[in-house]
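Here are my notes after a pass through this one, in the order I'd talk them over with you. Have the structure open while you read.

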Amino acid sequence: MLRRNLTAWLYVAPLMLVLVPFFLLPILVVLAASFFETDGFGGLLPTFTLANYLDVLTSAQTFHLYVATLKFTVLTWVFTLLIGFPVAYFLVFHVKNQLLAISLFLICTVPFWTSNIIRMISWIPLLGKEGLVNSTLLATGVIHQPIEVLLYSSLAVVIAYVHQLTIFMVVPIFNSLARIDKRIVEAALDAGASRLDVMRYIVIPLSKSGIALGSIFVISIVMGDFFVVKVMSGGSSASVVSAFYENVGVLQYPLAAASAVVLTLILTVVISAILRAVDLRREIAQ
């Protein structure tokens, strides 16, 4: 029995050597710092206080930042799902040649081989007042003056997020759809089921694991990002992460740590709700 326990710990040891110093300890440090006070010069006073959490939870400005972050998260999730699911569905069910489907899938990933910053900045000459979109609309007579809301606005932030993160929705949904036995769909159609019924009762239920994984990826990245909001909004919008990034810049480490803990708890609740709705281990094992 002792040998079996020792063997089990040896198997787990490499994972623990990575998780403990690079994941668990940083979280514990941030959690501890959130209860400290600052001396105003970047130092921490090890005095237990809840003032940092009170500032985060009672500040109207912080509340609006959380609302803005959740808005960007929900909009990005909706649009990446609306784009990612049809793309994955088309590649799996409408491209009969498997080699061609994989090739098209790889082509979808080509733009994502470049830096996120480059792909984000590439929208500026497209969406600007004198950009390609406005120039085309003006030349065709659709509009008579440039549409300013296309750039340096919340719309631009969502566009950049959707562009960057759609692939994170396509990949897991593609994998889950590829595991569906096509004979089930053919049998349902032969039995008189409509395409809508096949989608509602077969395809979507069997792709829940991919949708859940893609949602976790997209939600986690958006809620933990601030650079896209900062650049694409032109400073007109902000997020929770940008707020405690600024707190770190002015040496307000305890307040930033408290805000980070609250955001982590919210993200944990959201991901837990997704995992509660979809049992990923059972779905993947099937």
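This is a predicted model: local features need pLDDT of at least 70, side-chain atom pairs count only at pLDDT 80 or more; totals for chains, interfaces and linings use all residues.

1. Two helices, α1 (2-33) and α14 (253-277), each supply at least two residues of its lining. The largest share, six residues, comes from α1. If you want to pick the lining out on screen, select Phe22, Phe23, Pro26, Ile27, Val30, Leu31, Ala260, Val261, Thr264 and Leu265.

2. How much space is in there, and what is the lining made of by class? The largest pocket holds about 330 Å³. Its lining counts nine nonpolar residues, one polar and no charged ones.

3. Along the principal axes, the C-alpha atoms fill a box of roughly 80 × 70 × 30 Å. The chain has 286 residues, and 35% of them are buried. Among contacts with a separation of 6 or more, 70% are between residues 24 or more positions apart.

4. Now the packing. In soluble globular proteins, nonpolar side chains tend to be buried together. The largest nonpolar core here has 41 residues, and the members touching the most others are Phe85, Phe93, Tyr161, Ile173, Leu177, Val203 and Met232. The elements giving two or more residues to this core are α3 (60-94), α4 (98-109), α8 (154-178), α9 (182-190), α10 (195-206), α11 (208-223) and α12 (227-232). With 13 residues, α8 provides the largest share of this core. Another core, of 22 residues, lies apart from it and includes Leu65, Ile216, Val262 and Ile271.

5. Leaving aside neighbours within four places in sequence, Ile173 is in contact with Leu81, Phe85, Ala88, Gly210 and Ile211.

6. Next, have a look at Asn52, which sits in helix α2 (residues 51-58). Is Asn52 buried or exposed? Its relative accessibility is 10%, and the cut-off for buried is under 20%, so Asn52 counts as buried. What does the side chain of Asn52 reach? It reaches the backbone oxygen of Ser34 at 2.8 Å, and a polar atom of the Asn52 side chain also lies 2.8 Å from the backbone oxygen of Phe36. Not counting residues up to four places away in sequence, Asn52 touches Ser34, Phe35, Phe36, Pro254, Leu255 and Ala258.

7. One backbone angle to flag. Most residues other than glycine have a negative phi. Tyr152, though not a glycine, has a positive phi, near 55 degrees. Tyr152 lies in the loop between α7 (132-140) and α8, and at 46% relative accessible area it is partly exposed.

8. Tyr152 also turns up beside Ser233. Leaving aside neighbours within four places in sequence, Ser233 is in contact with Tyr152, Ser153, Val157 and Val228. Ser233 belongs to the loop between α12 and α13 (240-249), and its relative accessible area of 1% makes it buried. A polar atom of the Ser233 side chain lies 2.3 Å from the backbone oxygen of Val229. For a sense of scale, Ser233 and Asn5 are 228 residues apart in sequence and 54 Å apart in space, C-alpha to C-alpha.

How values were computed
Residues are numbered from 1 along each chain as its sequence is written. Side-chain values use heavy atoms; hydrogens and water are left out. On a 1 Å grid over the protein atoms alone, a cavity is a set of points where a 1.4 Å probe fits but cannot get out, and a pocket is an open set with protein on both sides within 12 Å along at least five of seven lines; lining residues have an atom within 4 Å of a point. Grid points are joined across faces, edges and corners, and a volume is the space filled by probe spheres set on the points. Helices (H or I, at least four residues) and strands (E, at least two) are DSSP runs, numbered from the N terminus. Ala, Val, Leu, Ile, Met, Phe, Trp, Tyr, Cys and Pro count as nonpolar, Asp, Glu, Lys and Arg as charged, and the others, Gly among them, as polar. A nonpolar core is a set of buried Ala, Val, Leu, Ile, Met, Phe, Trp, Tyr and Cys residues joined through side-chain atoms within 4.5 Å. Buried means under 20% relative accessible area, exposed over 50%, partly exposed in between (1.4 Å probe, protein chains only). Contact means heavy atoms within 4.5 Å. A polar contact is a pair of N or O atoms within 3.5 Å; within protein, one must be able to donate a hydrogen and the other to accept it, and residues adjacent in sequence count only if both atoms are side-chain atoms.
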